[in-house]
Amino acid sequence: MTRKPPAIAGILETAVYVDDMEASHTFYSNVLGLERMVAGDRLFAYNAGPAQTLLVFHRGHTGEDVATPGGVVPGHDTAGHGHFAFHISTDELQAWREYLKHHDVSVISEVVWPAGGTSLYFKDPDGNILELAAPPLWPNFLS
C-alpha cells in the first residue's frame, strides 16, 4: 500500500556559498535591499520575504557539523556557482531592469517563458546566478 507523504508547506530557506562575505553582504543588503537577520563567521541570513530566508554561507567554512544548544546541524558545502530565484510582480520588471542598471549589475539574460512569465538573470559578487522571476512561470507559480 502506497501512502502519500505529509504535506510540504513550501521552501523555508535557500542557500548560496560565497568566498567574500563582506562583498556579498554589500550586494544582498545595499543593492537588493534584503534585511540581514543573522551575522556570523560562517553565515549571514537575510529576510527574503514572508517566511523565506536566504542563507549566505562562507564557502569552505561549513563542511563540519556544528553543535548548538538544540542539536547538531550537519555539515554541508558546495563547489561552483549556485542559483535561486526571487519572486517579483510583472509590474516591477521594468523598475528592476532600471534599478539593476543603476547599480551596475548587468542582466546577463532575459527569458520569456512559454507560460508568459519573464525572468531576469544576473550574478552576485561570487558569480552565483540570481533570477528575478515574474509569473506565470511554472504551473504552481501564477501570481
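Arg97 has a relative accessibility of 25%, so Arg97 counts as partly exposed; the class runs between buried, under 20% relative accessible area, and exposed, over 50%, with a 1.4 Å probe and protein chains only. You are looking at a predicted model, in which local features need pLDDT of at least 70 and side-chain atom pairs count only at pLDDT 80 or more, while totals for chains, interfaces and linings use all residues. Residues are numbered from 1 along each chain as its sequence is written, and side-chain values use heavy atoms, with hydrogens and water left out.

Arg97 has a charged partner: Glu110 forms a salt bridge with Arg97, with the closest N and O atoms 2.6 Å apart (a side-chain nitrogen of Lys or Arg within 4 Å of a carboxyl oxygen of Asp or Glu). Glu110 belongs to strand β8 (residues 109-112) and Arg97 to helix α2 (residues 93-102), so their pairing ties together parts that are 13 residues apart in sequence. These element names follow DSSP runs numbered from the N terminus, helices being H or I of at least four residues and strands E of at least two. Glu110 is also partly exposed, at 41%.

The whole structure holds 2 salt bridges. In another, the side chains of Arg59 and Asp19 meet at 3.2 Å, N to O. Why does this contact matter to the layout of the chain? Arg59 sits in the loop between β4 (53-58) and β5 (66-68), and Asp19 in the loop between β1 (13-18) and α1 (21-31), so the pair ties together parts that are 40 residues apart in sequence. Arg59 is buried, at 18% relative accessible area.

Now follow the strands. Four of them form an open sheet in the order β1-β4-β3-β2, with mixed pairing; two strands pair if DSSP finds at least two bridges between them. At the edges are β1 and β2 (35-39), each pairing on one side only. From one strand to the next, the twist averages 25°. β2 pairs with strand β3 (residues 43-47) in the antiparallel sense over 4 bridges, and Val38 stands opposite Ala45 in β3. Helix α1 packs on this sheet, touching β1, β2, β3 and β4, and its direction makes about 0° with that of β3. Contact here means heavy atoms within 4.5 Å, and angles run from 0 to 180 degrees between N-to-C directions of lines fitted to C-alpha atoms, for helices over the stretch in contact.

Tyr28 in helix α1 and Tyr46 in strand β3 are 18 residues apart, and both are buried. For Phe84 and Phe86, the centres are 5.1 Å apart and the planes at 80°, so that pair is edge-to-face. Ring pairs also link Phe27, Tyr28, Phe44, Tyr46 and Phe122 into a cluster.

Terms used: Rings of Phe, Tyr and Trp (its six-membered ring) pair if their centres lie within 6.5 Å; planes under 30 degrees apart count as stacked, over 60 as edge-to-face and the rest as tilted.
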